[in-house]
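This briefing is for a reader who is new to the structure shown below.

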Amino acid sequence: RAPVLSVLCALFVWLAIWLGVLTVATPAQHVLWLALALLPILIVAWPVWRDRKGGYAWCGFLSLGSLAQGITVTWTGAAHTYAGAIEIFLSILLFATASSVLRARRR
């Protein structure tokens, strides 16, 4: 569970930095974006922390949403291409680590 938690933590920190500091928006928009991006990570992190099988499965769904957001940001915003690329990398890494943990648990 440690690799999955570390990737979840890295994704959490990256989204907090990107959406909370690096984007230009009003304070209300920052709060809304942070809540919408970080709350699902916290919800998924709890069952992973407790080493529940369902938590790892939900990491797959969370990684798909994060991947979609990263691709959208990369393709549409020339100023934030790096941010989308980092999110794409972290979402693929989250999917891979969660899948490997589920495969290892099945053995």
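S91 is one of the residues of helix α4. The model is predicted, and everything below is read from that model.

**Serines in helix α4**

- The relative accessible area of S91 is 2%, so the residue counts as buried, the limit being under 20%.
- A polar atom in the side chain of S91 lies 2.9 Å from the backbone oxygen of I88.
- S99 is also placed in helix α4.
- With a relative accessible area of 18%, S99 is buried too, because this value is under the 20% limit.
- The side chain of S99 has a polar atom 2.8 Å from the backbone oxygen of F95.

**Packing of α3 and α4**

- Two packed helices are described by the angle between their axes and by the distance between those axes.
- For α3 and α4 the angle is about 160°, and the axes are 8 Å apart.
- This angle makes α3 roughly antiparallel to α4, because angles over 145 degrees are classed that way.
- The contact of α3 with α4 has 15 nonpolar, nine polar and three charged residues.
- The crossing of these two helices, α3 and α4, is left-handed.
- Helix α3 covers residues 53-76, and helix α4 covers residues 81-106.

**The salt bridge**

- How many salt bridges does a search of the whole structure find? The search finds one.
- The salt bridge is formed by the side chains of D51 and R105, with a distance of 3.3 Å from N to O.
- The pair links distant parts of the chain, as D51 and R105 are 54 residues apart.
- D51 belongs to the loop between α2 and α3, while R105 belongs to helix α4.
- Is R105 buried or partly exposed? R105 has a relative accessible area of 40%, so it is partly exposed, a class that lies between 20% and 50%.
- D51 falls in that class as well, because its relative accessibility is 35%.

**Backbone at D51**

- The loop that holds D51 runs between α2 (27-49) and α3 (53-76).
- What is the phi of D51? The angle is near 60°, which is a positive value in a residue other than glycine.

- G54 is a residue of helix α3.
- At 38% relative accessibility, G54 is partly exposed, because the value lies between the 20% and 50% limits.
- The C-alpha atoms of G54 and V44 are 9.0 Å apart in space, and the two residues are ten residues apart in sequence.

- V4 sits in helix α1, which covers residues 2-22.
- V4 has a relative accessibility of 0%, so it counts as buried.
- Between the C-alpha atoms of V4 and R107 there are 18 Å, and along the chain the two residues are 103 residues apart.

Terms used: Residues are numbered from 1 along each chain as its sequence is written. This is a predicted model: local features need pLDDT of at least 70, side-chain atom pairs count only at pLDDT 80 or more; totals for chains, interfaces and linings use all residues. Side-chain values use heavy atoms; hydrogens and water are left out. Helices (H or I, at least four residues) and strands (E, at least two) are DSSP runs, numbered from the N terminus. A salt bridge is a side-chain nitrogen of Lys or Arg within 4 Å of a carboxyl oxygen of Asp or Glu. Buried means under 20% relative accessible area, exposed over 50%, partly exposed in between (1.4 Å probe, protein chains only). A polar contact is a pair of N or O atoms within 3.5 Å; within protein, one must be able to donate a hydrogen and the other to accept it, and residues adjacent in sequence count only if both atoms are side-chain atoms. Axes are lines fitted to C-alpha atoms, for helices over the stretch in contact, and angles run from 0 to 180 degrees between N-to-C directions. Angles under 35 degrees count as roughly parallel, over 145 as roughly antiparallel, 65 to 115 as roughly perpendicular and the rest as oblique. A crossing is left-handed if the near helix is turned anticlockwise from the far one by less than a right angle, and right-handed if clockwise. Ala, Val, Leu, Ile, Met, Phe, Trp, Tyr, Cys and Pro count as nonpolar, Asp, Glu, Lys and Arg as charged, and the others, Gly among them, as polar.
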